[in-house]
Each structure stands twice: as structure tokens, then as C-alpha cells.
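Please examine the sequence and structure shown below before reading on.

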Amino acid sequence: MQRQIFTEEHDAFRETVRTFLTKEVLPHYEQWEKDGIVSREAWLAAGRQGLLGLAVPEEYGGGGTTDFRYSAVLAEEFTRAGAPGLALGLHNDIIGPYLTGLATEEQKRRWLPGFCSGEIITAIAMTEPGAGSDLQGIRTTAEDKGDHWLLNGSKTFISNGILADLVIVVAKTTAEGGAKGLSLIVVERGAEGFERGRNLDKIGQKSQDTAELFFNDVRVPKENLLGERDGAFVHLMTNLAQERMGIAVAGIAAAEYLLEITTQYVKEREAFGRPLSKLQHIRFEIAEMATECAVTRAFLDRCIVDHSDGKLDAVHASMAKWWATELQKRVADRCLQLHGGYGYMTEYRVAKAFTDGRIQTIYGGTTEIMKEIIGRSLLA
């Protein structure tokens, strides 16, 4: 089916992204995978190409558009290229809204130009070793010391944790914490007492640096409070729909690409003297995946448009996230199976897509959490 949600401007942007991937990412990606981290030069190159801060106002160096379709194009092309390590979506779509929506004018002028140029790489630190995604269980504290915050605690599984120059930390600013006692505290590179642990060894997305972070009596200036004191819970809930949409967009893009390369593979691969595509079981597998992808694409494209228009609610974003990522997982498994032994070889894209994509049903809220959100809305 012909997609109808993009204009000529979006198509031109897609070509820009593809050129960037060809010149600045793919020639270096294998080395980044070995290193466990991408180069800072890649971030600077993304900034020069206008791929950072798409929704940041032009006066701070950004693209000045709130049209989520540009972010969707970025997610789709990076997914098809098999290059999730350069986490532009995390920077633009997850952290960006906190800075543009909550920052004071002084904070915007201090942080946003570097955010858009690639000189300031960002991360958000919510997850803790003992709390997982449970915000009620956060133990990291930020104590009001009059002219500064005193930050203590630790975080884990923090994407961009090694490279990040600016980390938005979710911390307790009341003894109780929880929904009414959390705040967002911005910690900058070089702060005394701020330490990074090891670059965590994951089964996939090897070039995306993911780290443990430690805060030991870190003195954070009072002016680095982001948003309202004790208002983090509301701030976090406000931006989750966009985070989940970004993950969902990557999910359906990955499933479609895997179907595409597997369809070509079974046409060329022979077994028992004829192509695999001549076997009825193979045709049924392809037919089922193609139908599931087509139905999911229709729903996702509707969600993309609704979100661009500011109409997408948390429930439909949760539906999109759990369905698209679970589809991605199923398709990756079935396509690997259809590749046979070659599918288990890392030189084949299907193998890498299998391991890179496995995290999709976990981060941004697990499938189980998505179902809980949907179920509560229907049965409240």
C-alpha cells in the first residue's frame, strides 16, 4: 500500500538522512561495534547536517519544527541501515522535549545550541539497580543545601551514559519520593563526585554506550533544576507517549526490512533442487508476516499523524509500542529461522537485527507495562 503521510519535504529529508548514513555512519559502524561506542565526530557531523534538535526553535540552532514525521523518517532510515548505536532518537525525541518544554530561558541558551550542534550529548537517568522502571522505588536523593543540591545515588542501563555531557537525573527531593516527591536535576560533565561505571556489555546494539552512573555528594547548582521542584513525575508522564512512538516506529520499520530481505533470500536459496519460495510453508510464512506488517503499518502511520497534530494519547501510544515491538520480535525470529544456519551468522543482517531488536519490548516501558496502561484505561 502506498503511504500517504509524507510530503516532498519529508522525502527530501529522507534522502539527506540516507546520504548521512552512507557517508558518516556505515563506513565506521563495524569499528564502533568493536569499540562499544560511537565517535563524537559522528554526533558533530549529525549536528552539521541538521539532524539534531529537529524540534528546537531556530533561535537556539534547531530545526524549528514539531512535525513528528521528520523524527519518524530518521528512525526508519537508521533502523533500515542497522545502525541503532548512534542514538539520535534518544537525544531528539526523548530528552529534547524536556529541554525545550521545561528549561528556563537561561538554561535554553546554555544548553540548546550545543544540543543542536552535537557538542553536548545527552542522557536521562531514571533506572536504578533496585527499582528498574518503578519510579516509586527511586532511591537517588537530591538534598536542598540552600545554594546547591547535594546529589547521592546510582543509576544503571543509561543509554549514552559514557558519552553524555549532560544527564537529566531523576531524584528524590522529599523523604517520601514517589509521585509527589521527585525532581529533575541536570548534572554536567566534570561535576565532582559524578562517576561513570563500566560500559555495559549487551547482547545487541553493541556500539550504543550503556553505562552505570554514580553520584557521590555531587554539588549541583540550584539553577540546574529542570522544571518544577517535586514535579518530575508529571513531567516524565507527559513525554512518555513520544518516547514510545519512536520505539514503535523503529519496530515496524525493522519488521518490514526483515521481511524484505527474507523474501529475497527465499527466492534465491535452494533446497531439494528448487528455491525455498516454491515450498508452500515458506509462502504461508511470508504471507502471514506481510499481512501483519501491512496492518501494523496502517495503524502506526495513523499514530504518527495524530502525534504530529498533538492528538495522540498515552493509551494509543502504548498500543503502538507493544504491538509493533512484539511484531518486530516475532518477525525477527521467523526470518532468522527461514535463513537456516546462515541466519545464525553475524555477517547476515537478520542475525544482527535479531539481537539488536530484542531490547525493543523492554525499554521505554515493557510490553507488560503497556498492556497494564491499556487495560486500566478500559476497565477503570
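Helix H9 contributes 6 residues to the lining of the second largest pocket, the largest share of that lining. The model discussed here is predicted. Both helix H1 (8-35) and H9 supply at least two residues each to this lining. The second largest pocket has a volume of about 520 Å³. Its lining consists of 21 residues, and those nearest the pocket centre are Glu33, Thr346, Ala351, Lys352 and Thr355. By class, the lining of the second largest pocket holds 9 nonpolar, 5 polar and 7 charged residues.

H9 also packs against another helix. Two packed helices are described by the angle between their axes and the distance between the axes. For helix H6 (residues 232-268) and helix H9 (residues 349-356), the axes come within 11 Å and cross at roughly 160°. Angles over 145 degrees count as roughly antiparallel, and H6 and H9 are therefore roughly antiparallel to each other. The crossing in which H6 passes H9 is left-handed.

Which residues of H6 and H9 meet? From H6 come Tyr257, Leu258 and Ile261, and from H9 come Arg349, Val350 and Ala353. This contact of H6 with H9 has 5 nonpolar residues, no polar residues and 1 charged residue.

Key:
Residues numbered from 1 in each chain as written. Predicted model: local features only at pLDDT ≥ 70, side-chain atom pairs only at ≥ 80, totals over all residues. Heavy atoms only, no water. Axes fitted to C-alpha atoms, helices over the stretch in contact; angles between N-to-C directions. Helix = DSSP H or I, 4+ residues; strand = E, 2+ residues; numbered from the N terminus. Parallel < 35°, antiparallel > 145°, perpendicular 65-115°, else oblique. Left-handed = near helix turned anticlockwise from the far one by under 90°. Contact = heavy atoms within 4.5 Å. Nonpolar A, V, L, I, M, F, W, Y, C, P; charged D, E, K, R; others polar. 1 Å grid on protein atoms, 1.4 Å probe; cavity = no way out; pocket = protein on both sides within 12 Å on 5 of 7 lines; lining within 4 Å. Points joined across faces, edges and corners; volume = space filled by probe spheres on them.
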